[in-house]
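Reader: Can you walk me through this one? Keep it brisk.

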Amino acid sequence: MGFYSKEPVNPKKTTVEYLWTGLGTPGVFIVKAEGDAPNYSYGFNLIRDPHFVGGLKIDVMGWTGPLGKGTTPYVVKGTFPGEFRQTIIISGSNGDFPIEVKEINHAKVDEYVKAKSQEELHTLSTS
C-alpha cells in the first residue's frame, strides 16, 4: 500500500517563472520541481499550501510504497495564479527551499508560450 506524502526535492533543479498577464489581473506562476524519490514512488503533483501566510508555498507530493531499494528521478510541473513574489517556497520531505522567480514580461508571454509548446512537442517526439 502506498502513502501520500511530501517527496524529496532538488532545489538546484527547481524553477519558477511568473507570467505577467496584464494590468489589474494576477499573473501565473509556472513551477517545475525535480528530485529523486524513493522506490517505488508515483503520482507526483504540486499542491499550494493553504495555511501559508505571506506569499506562496508549494508542497511537492506523491505516493510512495511499497518501499524498495534506491531512488527514481521525477519531474513535476504545475501552475498557480497569484500576485507576483520575488521568491516562493518549495517544500519537500527534505526541507523548505526559497526559489527565485524569473519574470516573463506580459509583452513576451506569447513568445514564451510558443517556445515552451515547441519544447514539449520536441520532447514528446524524441521519447
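Reader: Which residue in E8 is the bridge partner of Tyr18?
Author: Glu103 is the partner of Tyr18. The model is predicted, so local features need pLDDT of at least 70, side-chain atom pairs 80 or more, while totals for chains, interfaces and linings use all residues. Residues are numbered from 1 along each chain, and side-chain values use heavy atoms, without hydrogens or water.

Reader: How many bridges join E2 to E8?
Author: Four, and the two strands run parallel. Strands pair if DSSP finds at least two bridges between them. Strands are DSSP E runs of at least two residues, helices H or I runs of at least four, numbered from the N terminus.

Reader: And E7 with E8, parallel or antiparallel?
Author: Antiparallel, over six bridges. A hairpin joins E7 to E8 through two residues. Gly92 stands opposite Gly95 in E8.

Reader: Switching to the core. Which residues have the most contacts inside the largest nonpolar one?
Author: Phe29, Leu46, Val60, Ile88 and Ile90, in a core of 20 residues. E3 gives the largest share, four residues. A core here is a set of buried (under 20% relative accessible area, 1.4 Å probe, protein chains only) Ala, Val, Leu, Ile, Met, Phe, Trp, Tyr and Cys residues joined through side-chain atoms within 4.5 Å.

Reader: What gives the most to the lining of the largest pocket?
Author: H1, with five residues. Helix H1 spans 109-126. The lining includes Tyr112, Lys116 and Glu119.

Reader: How many charged residues in that lining?
Author: Six, counting Asp, Glu, Lys and Arg as charged.

Definitions and conventions. 1 Å grid on protein atoms, 1.4 Å probe; cavity = no way out; pocket = protein on both sides within 12 Å on 5 of 7 lines; lining within 4 Å. Buried < 20%, exposed > 50% of the residue type's maximum accessible area, 1.4 Å probe, protein only.
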